[in-house]
Amino acid sequence: MGDINIGQQIGDRFKGDKNVYSREAFQPPAAARKPATILLLSANAAGHPLLQLDQERRAIVEEVARSRGAARLEVRPADAVRLDDLQRVLMRYKPIVVQFSGHGHPSDGIQVLDEFGQPRSVKPEALSELFRILNRGLRCVVLNACHTDAQAEAIAWHVPCVVGMRRQVLDDTAIQFSKGFYRALADGRSIRTSFDLARNSLNLHDVPDSDVPRLIARPGDADRPLIEAR
């Protein structure tokens, strides 16, 4: 005997609409679906200028909370991040967006911490490989740190949209860019529009270096909204 379609049997027995038993009928309503996760990684390594990472995180959380898409998104911070944390939090939260905020080096890559709070470089090729392995559901990576343009290019082989910084980025620039970017994303705008509005926000507030952020995206991938805000 072949497989028995229980839904079809019930529909036949009661002469009801068989579509009632389709898979779509058992999907939870949009409001009940689990929110997508924005994962915020940050590290303030000793020996480097102290960054206002707490202010940046607060700005992002507030923008998402005030948005039309607040119920569709959750922000998960991972502060003082270490090497082992990178795999751990990506596997745990399965984010749709990952942002790293902290220090970056032109050749050594982003700087996380060791157990003593000292800087520990993340090899660019290892970070790119990490996103190759754990990229399921991931739409965008933002490297909001100095000199991350080359790293962004490497990650873009495995993630649809990546934002990097062409050179040194000032604290005020990093914070204002994040505010504008997540304000638009959480409103249901496309990644490209959100990026453009973030750069426009720098110009509106007369914050320097609006040309520093760079978006690298596959054709068409940056033109879709991150969420459907309602």
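A cavity here is a set of points, on a 1 Å grid over the protein atoms alone, where a 1.4 Å probe fits but cannot get out, and its lining residues have an atom within 4 Å of a point. The model is predicted, so local features need pLDDT of at least 70 and side-chain atom pairs pLDDT 80 or more, while totals for chains, interfaces and linings use all residues. Residues are numbered from 1 along each chain as its sequence is written, and side-chain values use heavy atoms, leaving out hydrogens and water.

**View 1. Welcome to the cavities.** The count comes to two cavities of 30 Å³ or more. A volume is the space filled by probe spheres set on the points, with grid points joined across faces, edges and corners.

**View 2. The largest cavity.** This cavity holds about 70 Å³ of space. Strand S1 (36–42), helix H2 (53–65) and strand S3 (97–101) each give two or more residues to its lining; helices (H or I, at least four residues) and strands (E, at least two) are DSSP runs numbered from the N terminus. H2 gives the most, with four residues. Look for Glu56, Arg57 and Asp79 among the lining residues.

**View 3. The second largest cavity.** Its volume is about 50 Å³. Among the residues around it are Leu86, Phe100, Ile110 and Phe131. S3, helix H4 (124–133) and strand S7 (140–144) each supply at least two lining residues.

**View 4. Two linings by class.** Ala, Val, Leu, Ile, Met, Phe, Trp, Tyr, Cys and Pro count as nonpolar, Asp, Glu, Lys and Arg as charged, and the others, Gly among them, as polar. The largest cavity is lined by four nonpolar, three polar and three charged residues. For the second largest cavity, the lining has ten nonpolar, one polar and no charged residues.

How values were computed:
On a 1 Å grid over the protein atoms alone, a cavity is a set of points where a 1.4 Å probe fits but cannot get out, and a pocket is an open set with protein on both sides within 12 Å along at least five of seven lines; lining residues have an atom within 4 Å of a point.
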